[in-house]
Amino acid sequence: MYTSLGEPVQESFDIMIKPDTVIDSTLRSKILIVRTTDFKSMTPYKTAYLDSTGRYGAPVRSFGTFCLVADTVAPTIVPLGYKDSLTLNPKTVKELAFGVKDELSGLRSFKLFVPKQWVLTDFNLKKEKMVVLPAEIGSLRLPSGHYPIRVEAIDNKENKAEFKGVIKWELAGN
């Protein structure tokens, strides 16, 4: 990207957008600035802020068409490889995986609970995949049986999604 003098943009600069209409107070915290191409693809800027004059701003490093968007849609959570229940045996199952993604502001946090205990997970950002190894569930020292699981994902604008399911935990010797 180049300035009007034909020089490349070296540092980020703030853009400011004043809304055409009054934004409802319940949506103010959900507003972000996006760079758009014909309103089909959007590149979000998570650091939108509201100044004292009622304008929203964000640091950017490129020129383009920008607009304000309210992110009110929760992230999506999809179990990978099963639907509502899964038999988990550390000898036969390598991982428990979930597709977790957010279309606009991006993920802030994601957690897995079995049954109500937090379990360490790994997240592959490129594949939008949350993975837990059976050994992590095994560290809870649960006896064989059926256990509820809950996956929680929260985006950068505080929209929250949950997935609930059941696993059948089998100890390695069973």
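Predicted model: local features only at pLDDT ≥ 70, side-chain atom pairs only at ≥ 80, totals over all residues.
**View 1. Three strands form an open antiparallel sheet in the order 3-2-6.** Strand 3 (41-45) and strand 6 (65-70) stand at the edges of this sheet, and because each has a single partner strand, one side of each is left without a neighbour in the sheet. From one strand to the next, the twist averages 40°. Strand 2, which covers residues 31-37, pairs with strand 3 in the antiparallel sense over 5 bridges, and Ile 33 stands opposite Tyr 45 of strand 3.

**View 2. An open sheet of 3 strands has the order 1-5-4, with antiparallel pairing.** Strand 1 (13-17) and strand 4 (49-50) are the edge strands, each of them pairing on one side only. Strand 4 is joined by 2 bridges to strand 5 (residues 56-60), the two running antiparallel, and Tyr 49 stands opposite Gly 57 in strand 5.

**View 3. Strand 14 pairs with strand 10 and with strand 15.** Between strand 10 (residues 107-113) and strand 14 (residues 145-155) the pairing is antiparallel and runs over 6 bridges, with Leu 112 opposite Val 151 of strand 14. Strand 14 is also joined to strand 15 (residues 160-169) by 10 bridges, again in the antiparallel sense, and here Pro 148 stands opposite Val 166 in strand 15. The hairpin of strand 14 and strand 15 has 4 residues between the strands, and in this hairpin Glu 158 takes a positive phi near 70°.

**View 4. Glu 136 has its place in helix 1 (residues 134-138).** With a relative accessibility of 27%, Glu 136 counts as partly exposed. Leaving aside residues up to four places away in sequence, Glu 136 touches Val 119 and Leu 120. The C-alpha atoms of Glu 136 and Val 114 are separated by 10 Å, and these two residues lie 22 residues apart along the chain.

**View 5. The largest nonpolar core holds 24 residues, of which Phe 98, Leu 112, Val 114 and Ile 137 touch the most other members.** Strand 9 (96-101), strand 13 (129-132), strand 14 and strand 15 each supply at least two residues of this core. When residues up to four places away in sequence are not counted, the contacts of Leu 112 include Phe 98, Trp 118, Met 130, Val 132, Ile 149 and Val 151. Apart from this core lies another, of 11 residues, among them Ile 23, Ile 33, Ala 58 and Phe 66.

**View 6. A search of the whole structure finds 3 aromatic pairs, one of them formed by Phe 98 and Phe 163.** This pair is tilted, with 5.7 Å centre to centre and 55° between the planes, and it links distant parts of the chain, since Phe 98 in strand 9 and Phe 163 in strand 15 are 65 residues apart. Both Phe 98 and Phe 163 are buried.

**View 7. The rings of Phe 110 and Phe 123 form a tilted pair.** Their centres are 4.6 Å apart and their planes stand at 35°, so the pair is tilted. Phe 110 in strand 10 and Phe 123 in strand 12 (residues 122-124) are 13 residues apart, and the pair links distant parts of the chain.

Technical notes: Residues numbered from 1 in each chain as written. Heavy atoms only, no water. Pairing = 2+ DSSP bridges. Axes fitted to C-alpha atoms, helices over the stretch in contact; angles between N-to-C directions. Buried < 20%, exposed > 50% of the residue type's maximum accessible area, 1.4 Å probe, protein only. Contact = heavy atoms within 4.5 Å. Core = buried A, V, L, I, M, F, W, Y, C linked by side-chain atoms within 4.5 Å. Phe/Tyr/Trp six-rings, centres within 6.5 Å; stacked < 30°, edge-to-face > 60°.
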